[in-house]
Amino acid sequence: MTSLRLLRNRSWLYTIQRQFSSKTEEALSILGEIRPRSSITNKLWRERNLAKLESMTKPAQNLTKSMSDSYTEICLPFSTDKLLQEEYLTYAGTIRVGKILEDLDALAGTIGYRHCDDNNTATVPLTIVTASVDRITLLKRLKPNRDYRMSGYVSYVGSSSMEISVTVDTPHNANSQEYDKVMVATFMMVARDPVTKTAYPVNRLVANSVEEESILTRGKERKHLRKLESEQSLFRHPPTEDERLIVHELYLTTKSYENGKLPENAHWMETTQYQSLRMCHPIERNIHNSVFGGFIMREAFELGWMTADLLVGDHPSLLAVDDISFKHPVEIGSLLQFTSFVTYAPGNQCRALQVDVRAEVINPKTRQAKVTNTFHFTFACPTHSIPFVLPRTYEEAMLYLDGRRRFLKSKEECQELCPDRLKFYQN
């Protein structure tokens, strides 16, 4: 088997090397061409748009696959492709990170399809959907004049779920064969029966080297950690004793402002809230005729970024994204409402803050709303310290504590993966 290390050192690919069976090779519909997606997402979708097959035989999914079977990479050659670069530029000449997040979701889906492919043209492909984004960490700031490579593979499987590890890296210099990591991400994808939409088993995953054994072990540990964090959520259990003391200190602090007026370096949490509303048109659909999850992620990120920008008065940069769960599919014709607010900003000399964005899908006929996603972003202010954000109610205090937990988690991860960015977390 070709090792993952050798796969990563292959020449850069602007078009993905096709590894699907012929049933997917033949399925090049115009869906990927007419969507307002990035060029990279369109390429990934064209690779896996599904043909309408006469046979509805389902794959047996009893294959054993290696990590290299699902390995996929694609290049963003910003230094030479100015039209592509233009798609990703902000008004300030920086990279639109939301577009990168959208592409990462599309790449993770493609990797999931490759793992589930049974190489049999007589069977219909499974439906692969994003269940959650476990973690995305930006190790270095993205630059518009650099080339980037997105790559990933299935790193762990359950019965019907797949953990997909994705990396974004860039050449160390113009002629180098060595690459520097820029971003790491972990997605959870699930397989669904294409007809009944119920859970469907995925192919097994085997390790063929010591390196891959280690990857599988870490995948199992992350699964256990996700379960533990879910069980300890503040929305299921009361705060710890230390957190109760923090809430009491916050209460005493807010009581000291009897007239409701805060000093210049402080804001009430409720004043950091902003909203946007989108109608979900057919043009936003994915290959399963629901709204593309990457689009929701991009919209949430950009509202979260603007919320952070309005608080700090400078162009914030992304540090991390934590624990995004896709609870419900968003159907075409729904209204999608995004609500953002700063949950944790410690003030003093700290230059990092937490912003949550809640996505709710609203049925315009019944007006019933349900939360489909909650996004947790850690941003950094590049030049100066940021204001202190205070909760005013018990519910806001719980959001504050949850934001603090995620802030500390990001700081701990930063210390391990990118210690040069710890300066943003220092008080």
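**Ground rules**

I work on a predicted model, so I took local features at pLDDT of at least 70 and side-chain atom pairs only at pLDDT 80 or more, while totals for chains, interfaces and linings use all residues. Residues are numbered from 1 along each chain as its sequence is written, and side-chain values use heavy atoms, with hydrogens and water left out.

**Helix α8**

I looked up α8, which runs over residues 210-231. Helices here are DSSP runs of H or I with at least four residues, strands are runs of E with at least two, and both are numbered from the N terminus. The helix has 22 residues and reaches 32 Å from first C-alpha to last, close to the 32 Å expected at 1.5 Å a residue. That expected span is 1.5 Å times one less than the number of residues.

Next I asked which residues of α8 are buried. I use buried for under 20% relative accessible area, exposed for over 50% and partly exposed for in between, with a 1.4 Å probe and protein chains only. The buried ones are E212, I215, L216, G219 and R226. Seen down the axis of α8, these buried residues fall within an arc of 100°, so they line one face of the helix. The arc is taken from the directions from the helix axis to the C-beta atoms. On the other side of α8, I find V210, K220 and H224 exposed.

I note the background: an α-helix has 3.6 residues a turn, so residues three or four places apart point the same way.

**Helix α9**

I then took α9, residues 241-255. It has 15 residues and spans 21 Å between its first and last C-alpha, close to the 21 Å expected at 1.5 Å a residue. Its buried residues are E243, I246, V247, L250 and T254. They cover an arc of only 100° around the axis, which puts them on the same side of α9. The face turned away from that buried side carries the exposed residues D242 and E249.

**Helix α10**

How many residues of α10 are buried? I count 17 of its 20, and I record the helix as mostly covered. α10 covers residues 293-312 and reaches 29 Å from first C-alpha to last, close to the 28 Å expected at 1.5 Å a residue. Just after α10, G313 takes a positive phi of about 70°.

At 47% relative accessibility, K197 counts as partly exposed. N348 is exposed, with a relative accessible area of 58%.

**Strand β11**

I checked L336, which is found in strand β11, residues 335-344. L336 is buried at 0% relative accessibility. It is 23 residues from A359 in sequence and 6.7 Å from A359 in space, C-alpha to C-alpha. Q337 is also in β11, and at 19% relative accessibility Q337 counts as buried. Q337 and R278 are 59 residues apart in sequence, with 6.3 Å between their C-alpha atoms.

**Cysteines**

I searched for disulfides (pairs of cysteine sulfur atoms within 2.5 Å) and found zero. C116 is buried at 6% relative accessible area, and C350 is buried at 0% relative accessibility.

**Second largest cavity**

I counted three cavities of 30 Å³ or more. A cavity is a set of points, on a 1 Å grid over the protein atoms alone, where a 1.4 Å probe fits but cannot get out; lining residues have an atom within 4 Å of a point. Points are joined across faces, edges and corners, and a volume is the space filled by probe spheres set on the points.

The second largest cavity has a volume of about 40 Å³. Which residues line the second largest cavity? I have T137, L138, L319, A320, S410, E413, C414, C418 and Y425. β3 (127-138), β10 (317-325) and α11 (394-417) each supply at least two residues of this lining. The largest share, three residues, comes from α11.

By class the lining has six nonpolar, two polar and one charged residues. Nonpolar covers Ala, Val, Leu, Ile, Met, Phe, Trp, Tyr, Cys and Pro; charged covers Asp, Glu, Lys and Arg; the others, Gly among them, are polar.

Definitions and conventions. 1 Å grid on protein atoms, 1.4 Å probe; cavity = no way out; pocket = protein on both sides within 12 Å on 5 of 7 lines; lining within 4 Å.
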